[in-house]
Amino acid sequence: MRRVQGAHWQLRAATAAAVALLTCAAACGSTERGGGGEGTGDTGGASPAPSHARFVEDVPWADGGRLGMYYAAGRGLMEQHQDTAGGPWSKPRLVYATEGDACRSITLRAFRDTVTAIANWGVYCADGEPPTESVAAVGTRNAATWDTRATKDFDGWEKAAPVAGTEDLLFTRSSTEWLTRLRWSPTDGFGEVQNIRR
């Protein structure tokens, strides 16, 4: 009788362990699929999985599509987009390659048929130290092409804005002594960084 009762307890313990293992595997599998930054839109089963990475920042297009960006450790700045509201997300695209330590934020703004991105890297940048590598990026409406300009040993661009009367965009950073500017045009791309004394 004792031997049968002991076998009963062993069977119950083994069943509980198997249930716990399956529950953990299911939970871990869904987390990896949604947060790895390599989403492709293929759900692969009955329950849909997120088809894009966990974006640091994303912006809407005027027609309802969206574009998002995130940092991939050891790779750089990544982008994914939707052409229409609720449409499929594109595969991840590397916009700027670097192995630097990423900062906490990415600044995105949509203007007409373009989107601007400001992203920064540096040692202890995520902890609040100023960046030492800042990239200004401009993508076309369909995000097919990206133009980037990296500035080293620089505290980072503060904002991007359209230039009145043109299709140009202007990245700026201001201090008490200097106004630093970087202009982009659809025909010529990025110009040279300008430092203007105040």
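Local features require pLDDT of at least 70, side-chain atom pairs count only at pLDDT 80 or more, and totals for chains, interfaces and linings use all residues. Residues are numbered from 1 along each chain as its sequence is written, and side-chain values use heavy atoms, with hydrogens and water left out.

The protein chain has a mean pLDDT (the predictor's confidence in each residue, from 0 to 100) of 78, and 73% of its residues reach 70 or more. Over residues 1–50, pLDDT stays under 50, and the model has 26 contacts (heavy atoms within 4.5 Å) beyond four places in sequence for them. Where pLDDT is low, the predicted coordinates should not be read in detail.

Rings of Phe, Tyr and Trp (its six-membered ring) pair if their centres lie within 6.5 Å; planes under 30 degrees apart count as stacked, over 60 as edge-to-face and the rest as tilted. By this rule there are seven aromatic pairs. One of them, between Tyr96 and Trp121, is tilted, with 5.3 Å centre to centre and 45 degrees between the planes. Because Tyr96 lies in strand S4 (residues 93–97) and Trp121 in strand S6 (residues 114–121), this pair ties together parts that are 25 residues apart in sequence; strands (E, at least two residues) are DSSP runs, numbered from the N terminus. Tyr96 counts as buried (under 20% relative accessible area, with a 1.4 Å probe and protein chains only) at 13% relative accessibility, and Trp121 likewise at 2%.

Phe171 and Phe190 form a tilted pair, at 5.8 Å centre to centre and 50 degrees between the planes. Phe171 belongs to strand S10 (residues 169–174) and Phe190 to strand S12 (residues 189–190), so parts 19 residues apart in sequence are tied together.

Notes. Helices (H or I, at least four residues) and strands (E, at least two) are DSSP runs, numbered from the N terminus. Buried means under 20% relative accessible area, exposed over 50%, partly exposed in between (1.4 Å probe, protein chains only).
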